Amino acid sequence: MAKGQIFIETDRCKGCALCTFYCPVHILKLDDTQTNAKGYTPMVTFDPDKCIACGFCAIMCPDSVITVERFIKEAQK
Amino acid sequence: MPKSKIVYERSEGLSLMDNSYCPGCTHGIIHKLVAESLVELELLERTIGISSVGCSALNYDFFSCDMQQAPHGRAPAVATGIKRVRPNSIIFTYQGDGDLASIGIAEAIHAAHRSENITIVFVNNAIYGMTGGQMSPTTLLGQKTTTSPDGRTKAQGLPLRIAEMMATIPGATYVERVSVHNPQHVAKAKKALKKAFSIQKENKGFTLIEFISTCPVNWGMTPKDAVDWAVDNMIPYYPLGVFKDATVGEEK
Amino acid sequence: MAKVLMKGNEAMALAAIKAGCDAFYGYPITPQNELPEYLSKHMALNGRVFVQSESEVAAINMVYGAAGAGARALTSSSSPGIALKQEGISYMAGAELPGVIINVMRGGPGLGGIQPSQGDYKQITRGGGNGDYYLYSLAPESLQEAVDLIKESFDIADYFRNPVMIAVDGLIGQMMEPVTFDNETPKWELEPKTWAADGDRSNREKNVINSLYLDPLMLEKHNLKLKAKYDVMRDKHQRYEMINVKDAEIVIVAYGSMARIARTSIEILEEKGIKCGMIRPITIFPFPDKAFRELQDSVKNILVVEMSTGQMLEDVKIANECERPIHFYGRVGGIVPEAEEVVSQVLKIIGGEDNA
Amino acid sequence: MKRITIISGHYGSGKSEISVNLAINNKIDYLVDLDIINPYFRSRGLADLLEEKNIHLVESTIKGMTGSDLPYISGEGVVPFVNPDITAIYDLGGTENGARVLIQFLDRVKDVNEIDFLCSVNIFRPETADVKGILDTIAMYEAETQLKITGLINNTNLINETEEVDLIRGEKILIEVGKKLNIPIVYTVVEETKKNFNHKFLGERITLIRYIAKKYL
């Protein structure tokens, strides 16, 4: 079960792939099947259920295209 | 549906405009850190940033605070001029190694010498990125550039260690070298920047944070290889750490 | 405050304080040192900023910074130091920033000498640095005029959003004269500096101070905007003094200290029965070409006198539009022509011994 | 007049012109120009005139460097202090830096009583416009040189615009200063163009001829 999710501003992504190397659960990759508004192949999550909302991808993104949301468990309220 | 909260988003210290850097260039990470630090310290509205000359010349468009563009190397002088007439503002210069370590070394040293209440964000990627990959004062020995085609030799100068040098200046208050090669170091780098801005806020004098950065294009590498190259080659020569902290023991 | 006796450099410094100068940034060079020395003491007493910079290059860039933040900033230097300041001056013109630069000229080229000279005329009136720009340049002939013009110069700079150069030679900097600071000087109508990047973003969008235009069409637009500003200076803000020109048979063109000496020459010539007049440019950019259109037909010759080998001569030729023969007399190396030398040159011209 | 006269004062207080006039009028042997402050209007520019008058000019170590701002002081400046047969006038530069130059020679002084250390004052100079300003100035010179000022020169002037009443007002202020310090007004300077000033001023009158700056004024 995912602990959170990321939102990617796909059209701002430059496809540098730095984020993909720092994802501890290896769920990010460049999507070779599409190009964005800038002409880059953007990054996508291929297994979002594994996301742990650690934020590493966003922290390493030079273009600030990733927003990270963490789910809050009811029990913790 | 479980409740949620946003734990990371684009900083409001950055403008809406996309930065113009090449894919994977760590300039973008450093920009985020400057923006986030200023926002978290609630300093953004009274900040004036000084753009320099180099790849970051256009960054007056990328930050959402007031900005002034400076001639090559003169950012610390421009910053001095502003800070003296606007002492309540927060001033940072954003300079590369060509700008600061070469043409602007006098301005950088003397801003520290006068202990100007400014923060220098020094981005060291060991090369002139903007003008097409020429040798800079921080280019490593053996490193090939367009003006050291056979690799830098001693005859072209041994690479300058700016943080170490600036730390010797009596007027410098805080000097640290950081890197942004992984999330842990990005966090450390942000801590260093926040410390520098806090020191400035308290009028305690000159601060400089040197960032080990990359240039995938002119180094001829993928972004990830460039980061790894910086870790393997730059950090051994340019060790990370605090080189000067004149605020230690001050509270007591 | 009644009249006091002051050295030129001190008087100019005090005039800047009276003009509301917020900050001075400068570097030592003879013969202008009394100016920063005076300000090092008096700026602080008035709650203003004084910084001795590491170089002229740094000083002008501090002025550029302070001006960008909306302050009234000043720097001063002498010829070789002004050459070093050209980088920042060009950026100021490009970013449309006001500021005042005092140039107490000495001999050149290179290290030259420390005695008075007018050898910077072209450096001053042709912009000086890279790119297509000009400075509004004022050349007073006395300490009183220098004081009055400096008091006004900060307004002029703010009005045009362009640097103003005060061009004097070493003599004006070093000489003693009685001056008063009480003269009423023109007040220009100034807009608030809403463009300033002053770090107070609480009630507005961000401001950017910049001279970089990578799009050629944008840069052309910017260049033409600057040109329009210089055209207004040329059309509406030429300043000059016509001295004794009515019925004159010869007219001297001289500015600054040289004009002051030529006044004595004119008196000596008057005693000899020769009617000699003078056009005294007060602005050297814009050059007062209008003055030449005021000359009567009685004027048969023009004599340009300078402490240079003829730096202003070309401007006089352009303004004269081939109407009259133009002669030149100058001394260089820091030597100031004596009134008698100018007189004998005039006599030569009238006697037909000097062909233009 | 004592064997040695040292003239101090802020720039614009007329030191150099007074020095030259005194040297010529009193046939003094040495005129020592110690002015490292002013780059222009120094007595060293008058080498030819002084030679003609048999006055030995001590200036920079490089002769004829009128147009120099290199502060080379000639060791010859010590000669009058050690040779009791030589009369001399020392012309100091304005400001405390100018006075400081003298210190290097002072350990050679044999008899302080042979020296007059005068302060020239022009009340139209903003720094010396009143008693307090003048006292502060004198205190500064004394602190720098460790010599006591022994007398005052009333050089009140606005150049061509000087009026007799100005000199009288200057004298009044200097009398007060003199009382506080117990020193006399030794000279009053009246320009030759103002010969018609009939007032009997304190001290000896110097009818001043402008040798140095005349042609520009």
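Q: How far apart do the closest C-alpha atoms of chain A and chain C lie?
A: They lie 20 Å apart, and no contact joins chain A and chain C. Bear in mind that this is a predicted model.

Q: And what about chain B and chain D?
A: No contact there either: the closest C-alpha atoms of chain B and chain D are 24 Å apart.

Q: Okay, which pair of chains shares the most contacts?
A: Of the three pairs of chains in contact, that's chains B and C. There, 32 residues of chain B are in contact with 37 residues of chain C.

Q: How much area do chain B and chain C bury between them?
A: About 2,600 Å², with 54% of it on carbon and sulfur atoms. On the chain B side, Glu45(B), Asp66(B) and Gln68(B) lose the most area to chain C, together 22% of what that side buries.

Q: How many salt bridges are there between chain B and chain C?
A: Three. In one of them, Asp66(B) pairs with Arg204(C), and the closest N and O atoms are 2.7 Å apart.

Q: Which element gives the largest share of the side of chain B that touches chain C?
A: H2(B), with seven residues. That side of chain B divides into 15 nonpolar, eight polar and nine charged residues.

Q: Do S3(B) and S9(C) run parallel or antiparallel?
A: Parallel, with two bridges joining S3(B) to S9(C). Val208(C) is the bridge partner of Met67(B).

Q: Switching topic, what are the model's scores?
A: The ipTM is 0.93 and the pTM is 0.95. For chain D, the mean pLDDT is 90, and 96% of the residues in chain D reach 70 or more.

Definitions and conventions
Residues are numbered from 1 along each chain as its sequence is written. Chains are lettered from A and ligands numbered from 1 in the order in which they are written. This is a predicted model: local features need pLDDT of at least 70, side-chain atom pairs count only at pLDDT 80 or more; totals for chains, interfaces and linings use all residues. Side-chain values use heavy atoms; hydrogens and water are left out. Contact means heavy atoms within 4.5 Å. pLDDT is the predictor's confidence in each residue, from 0 to 100. Buried area is the accessible area (1.4 Å probe) that two parts lose on being put together, summed over both. A salt bridge is a side-chain nitrogen of Lys or Arg within 4 Å of a carboxyl oxygen of Asp or Glu. Helices (H or I, at least four residues) and strands (E, at least two) are DSSP runs, numbered from the N terminus. Ala, Val, Leu, Ile, Met, Phe, Trp, Tyr, Cys and Pro count as nonpolar, Asp, Glu, Lys and Arg as charged, and the others, Gly among them, as polar. Two strands pair if DSSP finds at least two bridges between them.
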